[in-house]
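Please open the structure in a viewer and keep the selection tool at hand.

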Amino acid sequence: MTPAPHDDHAPELRAAAARHLGRRTFLTTASAAAALAFAVNLPGTAHAVEVDARQIAEDPFTLGVASGDPHPGSVILWTRLAPRPYEPGSGLPRARFTVRWELAHDDRFTRIARRGSVTVHPEFDHSVHVEPTGLDPDRVYFYRFRAGQWISPTGRTRTAPARAARIAELKLAAVSCQAYHDGYFTAYRHLADEDLDVVFHLGDYLYEYAVNSVGGARNYTDRRLPALYNRETITLEDYRLRYGLYKSDADLMAAHAAHPFVVTWDDHETENNYADEIPENDVPREEFLLRRAASYRAYWENQPLRSPQQPEGIDMQLYRRLQFGRLAQFDVLDTRQYRSDQAYGDGLDIPGPESEDPSRTMTGATQERWLIDGWHASRALWNVVPQQVNFSRRKLDLNPVAKVSMDSWDGYPASRNRILDGAAAAGVENLMVLTGDVHVAYAYDIKRDYDTPGAKVVGTEIVATSISSGKDGADRPATWETYTKANPHMKFYNGRRGYVTVTLGEQQARADFRTVAAVTTPGAGITTAASFVTGAGNPGLQQV
């Protein structure tokens, strides 16, 4: 559905674009327009006066705190000042404020490790990104922020082990797909109580779709959401407001306060099933690129991301590498921003010449080369790839030539083969792919050849179900029997909401699929639906 226009992009952005067309010659004219439009909105002393934070009359820490991207000597700390997050401007004037921060060894802040202050700007929606450095590796820290009289909730974070460190075990969680209008974020409340080193968010942190006054399937009876949420996100203000709604959720705030997150996006943070500069709907490309720039800007403002990930115009380099001692290397991918357009109209179809064109790419050539080069340099036991869409082959019916999803790696088989060939050439023995997107949990044996019985297993794919997208779900969805018969390498399939934890060790990796019975009502308990292990140097999932 093409969304109806409701609020044009700022006129000064369009004017700036018109003045500077052609400056970025490697982009299309529309791309240059969007990129340069956003260049005029950078923070600076000429844009806003500074106001004493003591003048903030209401609690500005309504969205909680977060940390992310742990390195051995540093971690990113995040918050955003938003006394009234459901209003444009979040209840603050277009002014700069000074925010103080503290990082301590204990949650009472009696032993301070680092402290400082930072200026926050209205141009970045008063978001805070702090990078304390010189920290001890593999250490738990506590942090908080101060703005005037107000003190934020306390967050807990952890640095990564030293790159050369030998560590016996690392426990992570993978999460994805949290449509506010589909239900409560109950799984996050349980995730906050898990003993974890890090959480990977694999995309669809928010959805662009309208949220009605009762919060959709949440069916609120104790509150009413403002009408401004009951429309699709298009502009920078729309996306900022939507993050204000999502990040005000108490369960999500609890999870962020408990663990460092490593985030990557999928499509809904911008628009369903977009591909690079190609929108889902038939709208002018300039309009979509302005929308994409707006969504990327808001994503940066609302996530614990480092400065290299700060967007430049319509572009934002989100793929990056994290290392946890000699045990694990994580190569975080972006499968949206650089991909070829989906084949055959972007749906479910049988493979054919268009989808099997060897020139098609899911990652773009630069990111593909970066990934494979990183594997050649890796000294880690486990090489883990957190990314967005289903990687293993997934037949959707029992016909001799089955339909597959053209939005997943099945729609880009040549790109997938180049990745697997690159892993083999680099000598990667313990490849693990972490996936989101599909609103169900899967466990796959990855193969280069799915058609030959007994073909070699070359890796493991663990697919995290959604936090809330798809509403309550079922243990065995309607497609369960078909999918499990059509895909013998699919070792597990469950359609409940929840998350997955993965424990990486020197001898094996263990995946525990954690599910909740309902999200359309709050407070459901958590259970382990199934657990699997795969051996180090001997890939192949076994249920335990």
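A salt bridge is a side-chain nitrogen of Lys or Arg within 4 Å of a carboxyl oxygen of Asp or Glu. Side chains of opposite charge can pair when their charged atoms come close. The model on display is a predicted one.

**Stop 1: Asp451 and Arg393**

Select Asp451 and Arg393, which form a salt bridge with 2.9 Å between the closest N and O atoms. Asp451 belongs to the loop between β19 (441–447) and β20 (457–463), while Arg393 belongs to the loop between β16 (382–386) and β17 (404–405), so the pair ties together parts that are 58 residues apart in sequence. Is Asp451 buried or exposed? Asp451 counts as exposed because its relative accessibility is 57%, and the cut-off for that class is over 50%. Arg393, at 17% relative accessibility, counts as buried, since buried means under 20%.

**Stop 2: Arg336 and Asp267**

Next, select Arg336 together with Asp267. The closest N and O atoms of this salt bridge are 4.0 Å apart. Arg336 is found in the loop between β14 (328–332) and β15 (348–349), and Asp267 in the loop between β12 (260–263) and α6 (285–301), so parts 69 residues apart in sequence are tied together by the pair. Arg336 is buried, with a relative accessible area of 0%. Asp267 is buried as well, with a value of 1%.

**Stop 3: Lys171 and Glu194**

Move to Lys171 and Glu194, whose side chains meet in a salt bridge of 3.8 Å from N to O. Lys171 is in strand β10 (residues 169–175) and Glu194 is in the loop between α3 (186–192) and β11 (198–201); the pair links distant parts of the chain, 23 residues apart. Lys171 is partly exposed, at a relative accessible area of 23%, whereas Glu194 is buried, at 13%.

**Stop 4: a network of charges**

Select Arg80, Asp125, Arg240, Arg297 and Glu301 at once: salt bridges link these residues in a network. In the whole structure, a search finds 39 salt bridges.

**Stop 5: aromatic rings**

How many aromatic pairs are there? The count comes to 25. For one of them, select Phe185 and Tyr246, a tilted pair with 6.1 Å from centre to centre and 50° between the planes. Phe185 lies in the loop between β10 and α3 and Tyr246 in helix α4 (residues 236–247), so the pair ties together parts 61 residues apart in sequence. Both Phe185 and Tyr246 are buried.

Phe391 is in the loop between β16 and β17, and Trp409 is in the loop between β17 and α8 (413–425), 18 residues apart. Phe391 is buried, with a relative accessible area of 3%, and Trp409 counts as buried at 1% relative accessibility.

Now widen the selection around Phe185 and Tyr246: together with Tyr180, Tyr184, Tyr188, Tyr220 and Phe261, these residues form one aromatic cluster.

**Stop 6: charges over rings**

Which residue lies over the face of Tyr180? Selecting Arg218 gives the reply, for Arg218 lies 3.7 Å from the ring centre of Tyr180. Finally, select Arg144 and Phe109: the charged end of Arg144 sits over the ring of Phe109, 3.9 Å from the centre of that ring.

Methods: Residues are numbered from 1 along each chain as its sequence is written. This is a predicted model: local features need pLDDT of at least 70, side-chain atom pairs count only at pLDDT 80 or more; totals for chains, interfaces and linings use all residues. Side-chain values use heavy atoms; hydrogens and water are left out. Helices (H or I, at least four residues) and strands (E, at least two) are DSSP runs, numbered from the N terminus. Buried means under 20% relative accessible area, exposed over 50%, partly exposed in between (1.4 Å probe, protein chains only). Rings of Phe, Tyr and Trp (its six-membered ring) pair if their centres lie within 6.5 Å; planes under 30 degrees apart count as stacked, over 60 as edge-to-face and the rest as tilted. A charge sits over a ring if NZ of Lys or CZ of Arg is within 6 Å of the ring centre and within 35 degrees of the ring normal.
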